[in-house]
Amino acid sequence: MKKKAKKVWPPLVPKSLEVEKPVSEYIKDWAEFYPDGIALRFYGRDIRYGELNEAINRFAQGLLQLGLEKGDRVAIFM
């Protein structure tokens with residue numbers, strides 16, 4: 001962390017973060033246990049955990065079909 005950021009960093013906010021698993025794994029878990037639960041509300045549309053998990057899997061399969069391999073980096077510009 002740069003010195004300038006350290007000066008203004010809120011005292012109760014951790015300066016580092018331990019990540020146990022990727023967000024997609026949490027969504028997969030929620031989709032298994034709570035598939036009809038609302039994961040997102042986007043422009044008035046409810047997207048359920050099961051549906052979101054399916055979309056993530058389709059996206060991942062599409063990347064594999066394009067030839068991406070483990071360790072390749074992908075940027076998403078939204």
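How do the residues of the lining of the largest pocket divide into nonpolar, polar and charged? In this predicted model, local features require pLDDT of at least 70 and side-chain atom pairs pLDDT 80 or more, whereas totals for chains, interfaces and linings use all residues. Residues are numbered from 1 along each chain as its sequence is written, and side-chain values use heavy atoms, with hydrogens and water left out.

The lining comprises 10 nonpolar, 3 polar and 5 charged residues. A pocket is here an open set of points on a 1 Å grid over the protein atoms alone, where a 1.4 Å probe fits, with protein on both sides within 12 Å along at least five of seven lines; lining residues have an atom within 4 Å of a point. The largest pocket holds about 510 Å³ of space, the volume being that filled by probe spheres set on the points. Of its 18 lining residues, Ser24, Ile56, Phe59, Ala60 and Leu63 lie nearest the centre. Helices H2 (23-33) and H3 (49-65) each supply at least two lining residues, and H3 gives the most, with 8; helices are DSSP runs (H or I, at least four residues).

By the rule applied (a side-chain nitrogen of Lys or Arg within 4 Å of a carboxyl oxygen of Asp or Glu), 3 salt bridges are counted. Asp29 pairs with Lys21 at 2.5 Å, N to O. Asp46 pairs with Arg41 at 2.8 Å; Arg41 is exposed, at 64% relative accessibility, whereas Asp46 is partly exposed, at 29% (exposed, over 50% relative accessible area; buried, under 20%; partly exposed, in between; 1.4 Å probe, protein chains only). Glu51 and Arg45 meet at 2.3 Å.

Key:
Ala, Val, Leu, Ile, Met, Phe, Trp, Tyr, Cys and Pro count as nonpolar, Asp, Glu, Lys and Arg as charged, and the others, Gly among them, as polar.
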